[in-house]
Amino acid sequence: MKPLILYSLIAFFATTVAASTRPTITFTFYHYPPDIRVVDGKPTGRYIDQLNAVADTAGYDVRWMASTIDEEADMLNEGRRAICSTGRMPTLERAEKWAFLPYLFDVVPGDIVLTLPRYLDRLRAHGNIVSLAKDSTMIGTLLESGIYGEKVDTIIRSNPSWILRTGKTDFQLMSMVLAGRAHYTIVPKDQWEEAKRVIPGTSTLVALENYGAHPDYPIYIACSKGVPKETLRALGDAMAQHGFPPGTLADH
């Protein structure tokens, strides 16, 4: 065997052995621009770069697993698979089932209510999102695992037939309103701005400002209870090293 080939094989096997000794942590992902974009099936963007850096500092390689926001919530609720998310808003109910890292990951722009121009006067007559959500003649479309504020969430928990929970992404929710399958939806402000760039007709939707939708909110890295405590500690310590501020989970 030629020396160069032998050297290459030795280097290859040495690298393979070294790589196999480094533990992995699974993060779920879905298209959530501008901070997460899925290109050719792979996640890119600010959140992806930050979490790769945190995991590397903690001594882990990241295994990225494609998901939807609702599938992610189901896995977090079940607590059997050892997965972490790319950021979720904490609530007391979620904190009972999910393990939140104690550092603020980001602050997400608040929600807006979107509708078609022909329904605008009917929505305005309600004055706020809580009154609208009680109206059985107005069909809303929301994410199954979305958080929309305690008063709205209380209404949603009663499973009213006029609020659809079949949408998997904010983009899909907006498309449902455009298609006439719902009178309104609730999405983060930045998701509407992104949708206007890529979904024809989205710019024809109108937003109701100061309508009682959820304001800007903090998100934290949420992991399932299936993630070992030593892994959670390592990720938390790494977030501190990268300058993420200590969070105040008890306030949310």
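Strand E10 (184-188) gives the most to the lining of the largest cavity, with 3 residues. Strands here are DSSP runs of E, at least two residues, and helices are runs of H or I, at least four, both numbered from the N terminus. This is a predicted model, where local features need pLDDT of at least 70, side-chain atom pairs count only at pLDDT 80 or more, and totals for chains, interfaces and linings use all residues. Residues are numbered from 1 along each chain as its sequence is written, and side-chain values use heavy atoms, without hydrogens and water.

Back to the cavity. On a 1 Å grid over the protein atoms alone, a cavity is a set of points where a 1.4 Å probe fits but cannot get out, while a pocket is an open set with protein on both sides within 12 Å along at least five of seven lines; lining residues have an atom within 4 Å of a point. There is 1 cavity of 30 Å³ or more, and the largest holds about 350 Å³ of space. Its lining has 23 residues, with Tyr 32, Ile 69, Gly 87, Arg 88 and Tyr 217 nearest the centre. By class, that lining has 15 nonpolar, 4 polar and 4 charged residues.

The largest pocket has a volume of about 620 Å³, a volume being the space filled by probe spheres set on grid points joined across faces, edges and corners. Of its 22 lining residues, Glu 93, Arg 94, Gly 146, Ile 147 and Arg 157 are closest to the centre. Helix H7 gives the largest share of this lining, 4 residues. The pocket lining divides into 5 nonpolar, 7 polar and 10 charged residues, where Ala, Val, Leu, Ile, Met, Phe, Trp, Tyr, Cys and Pro count as nonpolar, Asp, Glu, Lys and Arg as charged, and the others, Gly among them, as polar.
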